[in-house]
Amino acid sequence: MTTSWKVRRNVLATSGVALAFLVLLYWTDLTGGYFAALDDAGTNKNCFCELEGSINDCSCDVDTVDHFNNMKVYPRLQSLLVKNFFRFYKVNLKQECPFWPDDSRCAIRFCQVENCEEQAIPDGIKDSGEHRDRSSSYKYTKEAQVERSCSDAEDFNSALGFLDTSISDQAHKEFELWAKHDEAEEDFCIVDDQDVGAQYVDLLLNPERYTGYKGDSAHRIWKSIYLENCFGDSKETSNEFSSYMPHRDLHNVCLEQRAFYRIISGLHSSINIHLCSKYLLSETKDFLDPQGIWGPNVMEFKQRFSPETTGGAGPHWLRNLYFIYLVELRALAKAAPYLRREEYYTGIEEEDEEVKLAMHDMLSVIESFQSHFNENALFSSGIASIKFKNDYKEKFRNISRIMDCVGCDKCKLWGKLQTQGLGTALKILYSEKLNFATESGIWDQPQIETDPIFRLSRTEIVALFNAFGRLSTSIYEMENFRRVLR
Ligand SMILES: Cc1cc2nc3c(=O)[nH]c(=O)nc-3n(C[C@H](O)[C@H](O)[C@H](O)COP(=O)(O)OP(=O)(O)OC[C@H]3O[C@@H](n4cnc5c(N)ncnc54)[C@H](O)[C@@H]3O)c2cc1C
């Protein structure tokens, strides 16, 4: 690049940032009085996103989460999620929608997912495969990468060691299916990284941001997802979209149903906050800036969340973001002893060591949080709750199927990842196997020799942390919107 090009590029980049800043200032000015909402005391001091007080159904408040996330969790996640172990996610984006014909395509080019180059993926991730077989928890260890030599077995007496293996191949296949079925029993979502169509995606090349996906297709997805919240009392005859979003009736439904709705609504808020904070401000056709200018769009945020434009519901939706954040935070704390034992192996020695250290630090911070969500409050009412828990699983699995119907590849990628991360969090929170392994002190042993029973695949771990990273970023971005709107 010549010097004059560099100068021109710098000028353009600076003008891009300046434009984004001006848009911010413009809207701050315009909305100064409009945004200010009355607080409980009747004073005109807060913007609608200046949430205060209890998050409901949890023992902590918004301020505590803001401080903990923005100061401690967010910066750590930012440096962790760019590491090779976390940036490559294996997913099947070609799975057909099982519910209706795919009738939509995203209107703008920013919907496309950029494929990653085969050589960019570290060998340690590629070669080890992603099978969820019984040895999967050790597959990312260094030892698992070293092939066993046949000569290791030279002094082995084959006659004495003879084992009657006269079990048919068919029976072996069935055993495998049973094992897979037993393992999947605890799953809250469908993991498709073993599908023929699954491929690695570099998440850093495909940031979650505004794509222009909207209208009937997007609404049908959200509506179908909220419909999964109907436990028994089906409202399927209603054509009213709003009837699936009972924010006004929340106190009339049981805790489990309320939690389900709040989790989905929190995810919905998070996705919409991202598209507001990484909005396409200007689609410049300049070949020096082919990606356009991206930045926060305060007007879009206001339109989506202010009480005036949402019938008073917007601030509740934002509060639900904190709820889902606390659910995933608690899952990470619960799985911390297990996650500390993972190798995070990619084959790049120096980086693997760094990731392990960063992970230990991150998990200690997460464990130190004082007001964790109490997962035992859910599914605690005897036999009925067992059925409820199974219904929950089935409904979350359905949500992962619905994600295959999203008509914009980039939205589908992040939708699937976040659903899988959420499913992994719920699996951790309600896994009998994890409880059993933890209670038997297995994670404290210097060497784990027996089958630990509970395990997560690499794909589940990548989804779990990236999904939590999305929620953490949303809470951080809210702080930025708040600053502008004050
Ligand atoms: C899985 C998925 C992923 C997506 N990812 C992206 C993306 O990466 N980039 C992008 O630009 N677009 C994305 N979209 C589209 C985006 O979420 C919106 O659907 C779209 O921008 C249209 O917005 P809307 O204003 O019509 O309301 P929508 O967000 O479509 O919401 C529909 C209705 O739901 C209610 N509602 C809105 N928010 C909440 C909430 N938090 N809780 C409860 N109810 C609520 C309101 O009544 C609203 O009218 C995605 C959509 C889906 C389904």
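Which residues does the UniProt annotation "active site" (unreviewed entry) cover?

Tutor: According to the unreviewed UniProt entry, the "active site" annotation covers Cys-408 and Cys-411. Such positions are given in the numbering used here, with feature names shortened, and an annotation may be inferred rather than shown by experiment. Residues are numbered from 1 along each chain as its sequence is written. Note that this is a predicted model: local features need pLDDT of at least 70, side-chain atom pairs count only at pLDDT 80 or more, and totals for chains, interfaces and linings use all residues.

Start with the two cysteines. Cys-408 sits in the loop between helix 12 (382-402) and helix 13, while Cys-411 belongs to helix 13. Helices here are DSSP runs of H or I with at least four residues, strands are runs of E with at least two, and both are numbered from the N terminus. Cys-408 counts as buried because it has 25 C-beta neighbours inside 10 Å. Cys-411 is buried too, with 23 other C-beta atoms within 10 Å. The cut-offs are these: 20 or more other C-beta atoms within 10 Å of a residue's own make it buried, 12 or fewer make it exposed, and anything in between is partly exposed, with C-beta atoms placed from the backbone. Leaving out residues up to four places away in sequence, Cys-411 touches Thr-211, Tyr-213 and Val-406. Touching, or contact, means that the C-beta atoms of two residues, placed from the backbone, lie within 7 Å.

Now the ligand. Cys-411 is among the closest of the 23 residues that surround the ligand, along with Ala-218, Ser-265, Trp-317 and Gly-415. A residue counts as near a molecule if its C-beta atom, placed from the backbone, lies within 6 Å of it. Helix 13 (409-429) supplies at least two residues of this shell, as do helix 7 (215-227) and helix 8 (255-277). Helix 8 gives the most, with 6 residues. By type, the shell has 12 nonpolar, 7 polar and 4 charged residues. Here Ala, Val, Leu, Ile, Met, Phe, Trp, Tyr, Cys and Pro count as nonpolar, Asp, Glu, Lys and Arg as charged, and the others, Gly among them, as polar.

The unreviewed UniProt entry also has a "binding site" annotation, which covers Arg-209, Thr-211, Trp-222, Ser-265, His-268 and Arg-304. Of these, Trp-222 is in helix 7 and counts as partly exposed because it has 17 C-beta neighbours inside 10 Å. Arg-304 lies in helix 9 (residues 298-305) and is partly exposed, with 18 other C-beta atoms within 10 Å. Beyond four places in sequence, Arg-304 touches Asn-272, Cys-276 and Gly-314.

Further along helix 13 is Leu-422, which is buried, with 28 other C-beta atoms within 10 Å. Not counting residues up to four places away in sequence, Leu-422 touches Ile-263, Leu-267, Glu-328 and Ala-467.

Finally, consider confidence. pLDDT is the predictor's confidence in each residue, from 0 to 100. The protein averages a pLDDT of 77, and 71% of the residues score at least 70. Over residues 1-45 the pLDDT is below 50, and over residues 129-165 pLDDT stays under 50.
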